[in-house]
Amino acid sequence: MASAASAIIPAALRERFETAGQSQVFRFVDSGVATEEETKALVTQLEDIDLEYVANSLKSAQAEAAAIAEAVDLEPPDHFTCLADVSPEDIASWGACGLDAIGRGEVAACVLAGGQGTRLGFDGPKGCYDIGLPSHKPLFQLFVEKLLRLRAMAQEAGGPNPQLPFLIMTSPMTHQQTVSFFEEHSYFGSSNEHVWFFEQGTMPCLSPDGKIILESAGTVACNPDGNGGLYPALKRSGCLDRLQSLGVKSLHVFSVDNPLCRPADPCFVGYCLSKNADCGNKCVWKSSPDEKVGVVAKKSGRPSVVEYSELDDDRKKQCDSTGRLVFGAGNICNHFFSIDFLANVVVPNMAAMFHLAHKKIPCAGEDGKTTKPDSNNGLKLEAFVFDVFPMSSQMAILETKREEEFAPVKNAPGTATDSPDSARAMVNALCRSWVEKAGGKLEGNKDEVVEVSPLLSYAGEGLVDRVSGKSFSAPCHLE
């Protein structure tokens with residue numbers, strides 16, 4: 001006999017789930033275990049679940065898992081350019097091309113900022129983290145100021161519409177904190193017109209036979225859909241349509257945990273445009289065969305990122321005639337996409353991107369209370385931002401200099417690598433090189449940090465008038 005709470009379930013919703021073979025989601029409601037409050041919360045969750053999308057994603061992920069079990073043909077990437085081998089004239093040409101596109105309002109930047117600073121020992125969105133520069137600017141502020149500098153540069157170059165929207169993908173755990181952080185800091189000199197927030201989605205956790213798992217009597221067990229959730233989130237939030245309506249043609253996507261990242265980098269954008277690329281990837285060469293990063297490669301003839309765990313020892317150590325790693329194009333989560341590619345190729349095929357992860361998933365016991373399993377009991381569906389690479393018809397890959405553009409902040413302070421300390425040291429080294437190249441003199445301990453404000457210089461340009469013939473004592477912040 002159905003409980004009183006059963007009446008809260010809309011008939012159309014019940015029919016949709018029963019038709020899809022997911023009637024088990026109502027069992028605690030129908031048995032009377034779920035309260036009216038729990039039932040209302042369950043209805044809210046269920047109404048947001050696209051069952052066809054979930055089913056197609058599971059099917060695709062299962063097919064991918066079966067394919068991985070078979071031998072995979074891996075090759076080094078083609079359409080590859082090393083920035084160190086390019087003439088200054090070509091670099092300048094790409095930069096001018098990218099800046100022109102920014103000036104016409106055809107470029108936007110997007111940071112993947114759904115993660116929390118757990119590994120850093122930081123309670124909050126990672127973009128709010130201060131790595132300890134003299135200015136104490138958080139990561140978000142560094143990116144905003146770089147974009148403000150680019151807008152000014154594009155305007156000075158005669159660009160009629162350097163709008164340069166900054167998209168911030170949050171997660172359900174970080175969204176409100178991130179929005180509040182920007183509001184409290186007045187958008188770091190930008191405006192809410194130029195800063196767009198949108199949330200990545202979640203996927204329901206599934207049993208091995210594809211049934212939606214309940215975490216409790218009134219809650220569906222869910223997991224974030226990975227940074228590959230960017231694509232459905234862009235579409236679902238309306239951001240993709242908004243970009244199209246504004247005439248934006250190129251989107252630069254990057255990770256939040258790299259203070260040296262150059263958002264909307266004109267050189268990278270111009271390079272990709274010159275190659276007529278629908279998809280582009282900026283990489284750094286691996287420092288050693290054992291560096292645990294994925295690499296850009298061709299998998300079964302298609303451009304892909306091959307995870308560190310997918311490479312056998314022979315491929316990890318394989319070198320060419322110059323002693324350079326063959327599979328060394330380290331992926332740093334720094335990507336270019338044409339808006340047409342996202343709208344016309346990626347969005348229609350989003351369900352094909354997901355991977356299976358076998359996990360221990362807290363689930364509802366017979367009494368509707370949450371229990372923690374001792375072994376893997378279910379599946380999580382996750383996607384990565386680079387999962388769209390095989391969909392590309394024209395991929396462009398640019399190798400940049402690690403010391404200029406890649407200082408990941410992943411580990412807690414005091415850790416030797418990929419920490420706030422190592423990132424701060426890299427920022428110091430780069431800014432010192434800019435000041436000295438522009439004719440400035442630096443005094444004091446070389447370990448004391450010199451910081452150049454992004455509002456003053458995006459990538460070392462325009463510093464001569466500010467520093468030539470002058471001395472600066474470290475630590476210092478040049479504004």
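User: In β10, which residue is the bridge partner of alanine 108?
Analyst: This is a predicted model: local features need pLDDT of at least 70, side-chain atom pairs count only at pLDDT 80 or more, and totals for chains, interfaces and linings use all residues. Residues are numbered from 1 along each chain as its sequence is written, and side-chain values use heavy atoms, without hydrogens and water. Helices (H or I, at least four residues) and strands (E, at least two) are DSSP runs, numbered from the N terminus. In β10, alanine 108 is partnered by leucine 251.

User: How many bridges join β3 to strand β10?
Analyst: Strands pair if DSSP finds at least two bridges between them. β3 (residues 107–112) and β10 (residues 250–255) run parallel. The number of bridges joining β3 to β10 is six.

User: Which residue in β4 does leucine 112 stand opposite?
Analyst: β4 covers residues 166–170 and pairs with β3 in the parallel sense, over four bridges. In β4, the residue opposite leucine 112 is methionine 169.

User: How far apart are the end C-alpha atoms of helix α5?
Analyst: Helix α5 (residues 88–103) has 16 residues. The expected span is 1.5 Å times one less than the number of residues, so α5 should span 22 Å. The model agrees: the end C-alpha atoms are apart by 22 Å.

User: What do the buried residues of α5 pack against?
Analyst: The buried residues of α5 include Trp94, Leu99 and Ile102. Contact means heavy atoms within 4.5 Å. The packing partners are β2 (80–82), β3, α6, α10 (266–274) and β19 (395–399).

User: What radius of gyration does the protein have?
Analyst: The radius is taken over C-alpha atoms, and the globule rule is 2.2 Å times the number of residues to the power 0.38. For 479 residues, a compact globule would come near 23 Å. That agrees with the protein's value, 24 Å.

User: Does tyrosine 187 count as buried or exposed?
Analyst: Tyrosine 187 lies in the loop between α7 (175–184) and β5 (195–199). Its phi is positive, about 60 degrees, although it is not a glycine. Because its relative accessibility is 13%, tyrosine 187 counts as buried.

User: Does asparagine 276 count as buried or exposed?
Analyst: Asparagine 276 is placed in the loop between α10 and β11 (279–285). Its phi is positive too, near 55 degrees. Because its relative accessibility is 66%, asparagine 276 counts as exposed.

User: Is the peptide bond from alanine 474 to proline 475 cis or trans?
Analyst: Proline 475 is in the loop between β22 (471–473) and β23 (476–478). Omega of the bond from alanine 474 is near 0 degrees. The peptide bond is cis.

Terms used:
Buried < 20%, exposed > 50% of the residue type's maximum accessible area, 1.4 Å probe, protein only.
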